[in-house]
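Reader: Could you walk me through the terms you use and the values behind them?

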2 protein chains.
Amino acid sequence: MEQLIPNWLKKRASLTPDRTAIIFEGQHYTFKQIYDSSLRTAAQLAGVGVGKGSLAAVLLSNHKDSAIILYALQMIGARTIILNNRLTAKELTWQLEDSRAALLVTEQRFSRQNQEIGHSFKKPIFTKEELFSKPGTEPAIQEEYSLGDVTTIMYTSGTTGQPKGVMQTYGNHWWSATASALNLGLREEDRWLCAVPIFHISGYSILMRSLIYGMGIVLHSSFDEKKVLVDIEKYNTTIMSVVSTMLQKTVEELGQDKLPPFFRCFLLGGGPAPIAMLEKCRQKGIPVYQSFGMTETSSQFATLSPEYSLSKLGSAGKALFPNQIMIADEQGNELPCMAEGEILVKGPNVTQGYLHREQETQANIREGWLHTGDIGYIDSQGFLYVLDRRSDLIISGGENIYPAEIEGVLLSHPGIIDAGVVGMEDPTWGQVPAAFIVKREESSVTDKDLINLCLERLAKYKVPKSIAFMDELPRNGAKKLLRRKLREKAKADGE
Amino acid sequence: MEQLIPNWLKKRASLTPDRTAIIFEGQHYTFKQIYDSSLRTAAQLAGVGVGKGSLAAVLLSNHKDSAIILYALQMIGARTIILNNRLTAKELTWQLEDSRAALLVTEQRFSRQNQEIGHSFKKPIFTKEELFSKPGTEPAIQEEYSLGDVTTIMYTSGTTGQPKGVMQTYGNHWWSATASALNLGLREEDRWLCAVPIFHISGYSILMRSLIYGMGIVLHSSFDEKKVLVDIEKYNTTIMSVVSTMLQKTVEELGQDKLPPFFRCFLLGGGPAPIAMLEKCRQKGIPVYQSFGMTETSSQFATLSPEYSLSKLGSAGKALFPNQIMIADEQGNELPCMAEGEILVKGPNVTQGYLHREQETQANIREGWLHTGDIGYIDSQGFLYVLDRRSDLIISGGENIYPAEIEGVLLSHPGIIDAGVVGMEDPTWGQVPAAFIVKREESSVTDKDLINLCLERLAKYKVPKSIAFMDELPRNGAKKLLRRKLREKAKADGE
């Protein structure tokens, strides 16, 4: 049966109109104000042809205006393709074309990218500054949301290096928000600090929780540990989403001080956390919920409560209430506890699939179970341990990097025969990419040439931090690259 | 798309095995213990033939064992008909037959009713004492619940006086629990006192919240204001469900004392509350959430926050986040704010319909909107005011009483020509039924005869508290009984 629930922002503005929705750059905006602004923007979007089901792409920074654009698109029932603003124009153009976006809403600040995108993307491009100055027409506001409808699309790279658009429904976001509340609790005075990008599910999910919970967000344009500590105090922040790097910097900046008593917890995502930091947090009485999640699960899927953070070190915890995890062998059969295998996830916050990719969707989601490609096991008490994130995934400062994508760029150089990219430990970012290259004997290509090539084609965080030349790459009999050997080599080279 | 989520009690026992689930008569039971007991009972139920989809009726008191039986039935996927233990054997037998129950699980304490039921209900009847002594067989525990499946059925009388079985799905209970949490908040230390009957949705919904929130319940076998105050203090109770009578007695018993600071609120259901009591609660700083709900909405549907309890006196508040309310004219067209009309409700916690009553279901639920028969209006700020509960509904101590049912019993007496029943104000119960009778000239029937007839056929709370004889009842041209006139007469007679 189709499940309909009322328009979230409209309902929220009717229930708690005067409560603070967003605090941005010192200004407080109530739910009523955000609703009114979003309604105006919805009219402006309708004026440029966006309506129910439209594929509308956005390239936005962490800003109050971005929240309003995202809310407006949701209210008129568009399917919003939320682009990562750290990508190069080439990467963005590829996603715009792959998604068949009907238009792009961007910002003046991205003028360089906008211009370059405009060379090949032949659909309308509006900056928010242009959009906000338009008169608009009567928008068709969705009075109800059907939980099965797609509302957002976010691209993630796959193991093949080919990014795919993950479709997220209203229901996915709803269930993610309620599952999180059932785990972390929910208080009227809750306020969530968002210094993670709202183009990622980590940040976007905070926008959704704000509407569903009636909770204020402290929105930061970027992460700055000094500003974080000031605003936790100043705005009675109770929860903050972080990746390991952010938590480490925040705790260091805190020094001998303590966080205020109203602060409830850090929700830590985006890969494993160093033990020393967790130990430090425990000593300081800072509760950290470590979590496991991905774009395909619309944010956290499993979390480890602070009381287990040391006894179950390295675990991602247990699946949230509506969620299930299974460890399976290559044939998809369930494995017993302690056995290593592929991590399969199931739940109402799991994506229905990939945009315009019926075949990959069917290959990855079978009988409701999403095959994550990640390897792990479940212990006898039901705690999940993630051993390898899709074997070759590199997580750098919370961003996912797929080696295949970088390898593709490196191999496009005529002087290169073979290329292998792996993650290398890094004190600041957790991991950074390191490349291993086999060049043609006659080629005079240098590491600098390759770095420049990557800078041109890839987001900066994907550019290898080291390039080493080898005679040949370690491959097995089936010619499969032995990344483990490369990782060992990267580690040895780094020492 | 079918929505599947893991077995609630099993999941809860895996997430927080050692947390207190139920406190009953001084004993604490953890979720692990309740799960283990429920699993054993599930096996015993399977042993007597109960399985997925079985229509299993229960006649239970507020007791830890009852929670276990209800949980066990839910885990094996039975459709549980939860009978009101205040009804007479006649009324119970009617519901057992109407529901086509395959068996009845009851208690020794109801031996009188059980015996009488056994005369006409020819299916197996087990007391819990018998059931718990059975060896049991391997039960088919539902690993996942499909939110669209019916899990409970509760009978409510209708305007016609014919009780109907309201079907409640897993999804109805789920959405009710999460909607309530989004409204009242949710804290790890929350503990809910249940002194309302668990055979009503008001009590049963607390059992569901316990599983979904991981929250402890303080379960009372019956309401006793002294015990309530002791246990609020003793067990750090934070929330309690009450009807007006219970709240009044509790506040009186409290006298000059205050409730402990950890107590968060009373959730008040089952009809309107007297202003003097609300005023007293405000003075004492006792937060009261007034709510509007019914069996058909699986508990609260709208609530009024304490900050509005006086400025919006008499209002039932606003529809909870996933819920919608519409005021409609007789043709079902939406009316503007301030206009009086029928209250229609829509949301994922609204019943799919009445058991074995396709026609009445279709008549009452149209395009997702349940026509409640209640009359009210919505003010310009969106607050709901209920003017008349189904025009003739009497609410006595939180129990719904339909005049037609009592009138039917009265009219069955050969000396009676006409009968009309209305609610009369009562300081203790809010309302009590008052009957007006037209008897045959030749009949010597007395009020005492009629009271005895009612006591034999109706639950005690339905028996009229006064009987007045008249020459004829006030009826309009279409012979429709003018209950308003009778209500005025009852009021005048009482003064």
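Author: Happy to! This is a predicted model, in which local features need pLDDT of at least 70, side-chain atom pairs count only at pLDDT 80 or more, and totals for chains, interfaces and linings use all residues. Residues are numbered from 1 along each chain as its sequence is written, chains are lettered from A in the order in which they are written, and side-chain values use heavy atoms, with hydrogens and water left out.

Reader: What makes E144(A) and K346(B) a salt bridge?

Author: The rule asks for a side-chain nitrogen of Lys or Arg within 4 Å of a carboxyl oxygen of Asp or Glu. The closest N and O atoms of E144(A) and K346(B) are 2.8 Å apart, so the pair qualifies. Four salt bridges are found across the interface of chain B and chain A.

Reader: How much area do chain B and chain A bury between them?

Author: About 3,100 Å², with 58% of it on carbon and sulfur atoms; buried area is the accessible area (1.4 Å probe) that two parts lose on being put together, summed over both. W175(B), L182(B) and F321(B) supply 24% of what chain B buries against chain A, more than any other three residues.
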